[in-house]
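Reader: Hi! Could you walk me through this structure in plain words?

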Amino acid sequence: MTEELRVAVDRKANGAVLYTKGYINNVGGEEIANRAYELMDDNVRTLLLNLRDTKIVNSIGISILIEIIEKMIDKGGSIAFCCLTPVIHKTFQIMGLANYAKIFENEDTALKELGL
Amino acid sequence: MTSTAERQMELTLPMVADIEIAAARAAGNLARELGMSSEKIDEMTHAIIEACINAREHSGCEDNRIYLRFVGTSQGDGSRIDVWITDHGRGFDPDEARSRRPAVGATHKRGRGLQLIEAHMDEVSISTSSGGGTTIHMVKYEKKNHD
């Protein structure tokens with residue numbers, strides 16, 4: 001049984017939005033990391049992850065998201081999330097993501113706040 | 001108070017990639033039949049996912065199986081689901097596992113599965129012994145005030 005994660009990228013003038021669809025586990029987390037690192041290599045320093053089509057995350061996937069956040073912070077950039085389900089939001093708070101990444105209720109607010 | 005067991009399910013699953021999703025879906029379906037809210041179901045399924053991942057990654061069991069039992073019960077003040085997840089592995093020390101984890105909100109890359117389970121479920125108890133396997137029993141209530 002596999003639950004493949006799909007990632008779509010929307011480049012913006014001042015950054016990018018990543019749209020995820022599916023289960024963020026170890027494989028899904030690596031897929032997000034690959035896309036995020038490509039964007040960082042292309043000098044993107046503001047990244048919004050829209051999780052509207054992701055309903056399940058696990059602790060391994062979140063650990064990879066934390067690595068992405070750390071790498072972006074090292075480069076002087078920032079990562080934010082939007083459109084989280086209540087349980088994913090709660091999980092992010094427990095895992096500490098909320099300390100290092102902004103979380104927005106919807107994409108419009110996020111884009112405005114982040115200047116994307 | 002009278003309570004009636006309305007739904008019961010037992011599963012034996014192989015320890016393969018993403019099998020936790022099958023366990024979570026089965027429990028989610030049972031919870032929906034009981035009329036449990038989607039937010040409670042999401043919390044329960046995330047806990048089940050973490051428990052299955054812990055069994056798969058850390059139990060070191062030889063039979064490569066996870067044994068699950070779900071019991072859904074309707075009560076006068078709502079409903080509850082009891083979940084038992086068992087492996088026949090090496091067991092672990094829950095207190096030691098808890099002592100390794102950082103405070104809620106502190107960023108830490110791994111080792112947070114048990115913390116997430118306890119945060120998402122209403123009751124959690126663990127039976128484990130060295131070489132004797134582990135059973136984690138978790139309960140989710142539709143209503144928090146279930147006295």
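Reader: How many helices and strands does chain B have?
Author: Chain B has four helices and five strands; both are DSSP runs numbered from the N terminus, with at least four residues (H or I) for a helix and at least two (E) for a strand. Along the sequence, they follow the pattern β-α-α-β-β-α-α-β-β.

Reader: Is this an experiment or a prediction? And how do the labels work?
Author: This is a predicted model, where local features need pLDDT of at least 70 and side-chain atom pairs count only at pLDDT 80 or more, while totals for chains, interfaces and linings use all residues. Residues are numbered from 1 along each chain as its sequence is written, and chains are lettered from A and ligands numbered from 1 in the order in which they are written.

Reader: What order do the elements of chain A come in?
Author: From the N terminus on, they run β-β-α-β-α-β-α-β-α. Chain A has a radius of gyration of 13 Å, close to the 13 Å from the globule rule for 116 residues, so it is as compact as a globular protein of that length. The radius is taken over C-alpha atoms, and the rule is 2.2 Å times the number of residues to the power 0.38.

Reader: New topic! Which residues have the most contacts inside the largest nonpolar core?
Author: They are Leu47(A), Ala27(B), Ile48(B), Cys52(B) and Ile85(B), in a core of 67 residues. Such a core is a set of buried Ala, Val, Leu, Ile, Met, Phe, Trp, Tyr and Cys residues joined through C-beta atoms within 7 Å. Helix H2 of chain B (residues 38–58) gives the most to this core, with nine residues.

Reader: What does Ile48(B) touch?
Author: Leaving out residues up to four places away in sequence, Ile48(B) touches Glu20(B), Ala23(B), Ala24(B), Ala27(B), Val83(B) and Ile85(B). Contact here means C-beta atoms, placed from the backbone, within 7 Å.

Reader: Which residues of H3(A) meet H2(B)?
Author: Pro86(A), Val87(A) and Thr91(A) do, and they meet Glu39(B), Asp42(B), Glu43(B) and His46(B).

Terms used. A residue is buried if 20 or more other C-beta atoms lie within 10 Å of its own, exposed if 12 or fewer, and partly exposed in between; C-beta atoms are placed from the backbone. Two residues are in contact if their C-beta atoms, placed from the backbone, lie within 7 Å.
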